[in-house]
Amino acid sequence: MLLDARSTDYIDADILGLIHDFQHKTAKARGIKLSMAGFKDKYPQIKDRIQFLDYSTRAVQSSLTPERVLEIFKEGNERFREGRHLTRDIGRLVDATSAGQFPMAVVLSCIDSRTPAELVFDLSLGDIFSARIAGNVASHKVLGSIEYSCAVAGAKMILVMGHTSCGAVNAAVDLICSNQTAAEATGCVNLDSLVIEIQQSVDLSTCKSDSAWLPGEKAAYANEVSRRNVLCTMRMITERSSTLEGLVQEGKLMLVGALYDIQTGMVSFFQTQGSSKSPLAIPTVEAV
Ligand SMILES: [Zn+2]
């Protein structure tokens, strides 16, 4: 439940008493998740409390820690999987976000039609910057977008999200194993620069011909490449952007990796410990 006092002119003391009781007794007793917004300034006897995100405002963005942003993403994905998405008044959100945006995070994800970040994390207008490119690679133009999102617009977390059954990753594996370029195989003249980025995460020595894969083996192999590709993108972000690396070092920004399972809707989150210069070396990964 959201109690929103931002548009109120006056709340009677008796009503404030009821709200106070509801916040401290009834809601707790009944297991109701209660968010309070807009009380702090006009009605100091009632404290604002953000249990879930209605939409990200300047106050919300500045009060959130990177760790809390990650929690909000985890809670949102849980609601998405369980079909408990928040009911939102989109017209009100259009109006509320029209004067400015204060997104809490930037998500770098694939263009795949099954992986829109706002849906899989049960978020809405104004909540995140969404950078989408096939194979979620860190090209220079993507990095510019992420730098703006964090250093100028104040996002607290970069989430790099790959996914299972990724067409771009599958193509990168197929092409490197068959020693073909994307232009030769597809006729697409601009695809190779993107495929080459992903192929940094493919170990050429483990390639097989199409007929040599056991059933299910190739899909599992490609999913592992997707995970490595996320780790590679995370490393590229800090290696290629001193701006973002600096914010991470200062603790103002958190860099998190994730893999979305297109069969279950579940997102697994992870962070790397330490760094490795070789794209194929598997860094120590810790689930978060
Ligand atoms: Zn994809």
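Q: At what angle do helix α7 and helix α9 pack?
A: This is a predicted model, so what follows is computed from it. Helix α7 covers residues 167-177 and helix α9 covers residues 192-199, and their axes are 9 Å apart. The angle between the two is about 85°.

Q: Is α7 roughly parallel or roughly perpendicular to α9?
A: Angles of 65 to 115 degrees count as roughly perpendicular, and the packing angle here is about 85°. That makes α7, relative to α9, roughly perpendicular.

Q: Which residues of α9 make the contact with α7?
A: On the α7 side you'll find A168, V169, A171, A172, L175 and I176. Facing them from α9 are L194, V195, I198 and Q199.

Q: How far apart are the end C-alpha atoms of helix α6, and what span should its 13 residues have?
A: Helix α6 runs over residues 140-152, and at 1.5 Å a residue it should span 18 Å. The model agrees with that, since the end C-alpha atoms are apart by 17 Å.

Q: Where around the axis of α6 do its buried residues sit?
A: The buried ones are I146, S149 and C150. They cover an arc of only 85° around the axis, so all of them end up on the same side of α6.

Q: And which exposed residues does the other face of α6 carry?
A: Look at the face turned away from the buried side of α6. There you'll see the exposed residues H140, K141 and V152.

Q: What do the buried residues of α6 pack against?
A: Both strands and helices turn up here. The strands are β3 (105-109), β4 (128-132) and β5 (157-163). The helices are α10 (217-240) and α11 (242-249).

Q: What handedness does the crossing of α6 and α11 have, and which residues of α11 make the contact?
A: α6 passes α11 in a left-handed crossing. From α6, the contact uses I146, E147, C150 and A151. From α11, it uses T243, L244 and L247.

Q: Which residue with positive phi follows α6?
A: Step past the end of α6 and check the backbone. The phi there is positive, near 85°, and the residue is G154.

Key
Residues are numbered from 1 along each chain as its sequence is written. This is a predicted model: local features need pLDDT of at least 70, side-chain atom pairs count only at pLDDT 80 or more; totals for chains, interfaces and linings use all residues. Helices (H or I, at least four residues) and strands (E, at least two) are DSSP runs, numbered from the N terminus. The expected span of a helix is 1.5 Å times one less than its number of residues. A residue is buried if 20 or more other C-beta atoms lie within 10 Å of its own, exposed if 12 or fewer, and partly exposed in between; C-beta atoms are placed from the backbone. The arc is that of the directions from the helix axis to the C-beta atoms. Two residues are in contact if their C-beta atoms, placed from the backbone, lie within 7 Å. A crossing is left-handed if the near helix is turned anticlockwise from the far one by less than a right angle, and right-handed if clockwise. Axes are lines fitted to C-alpha atoms, for helices over the stretch in contact, and angles run from 0 to 180 degrees between N-to-C directions. Angles under 35 degrees count as roughly parallel, over 145 as roughly antiparallel, 65 to 115 as roughly perpendicular and the rest as oblique.
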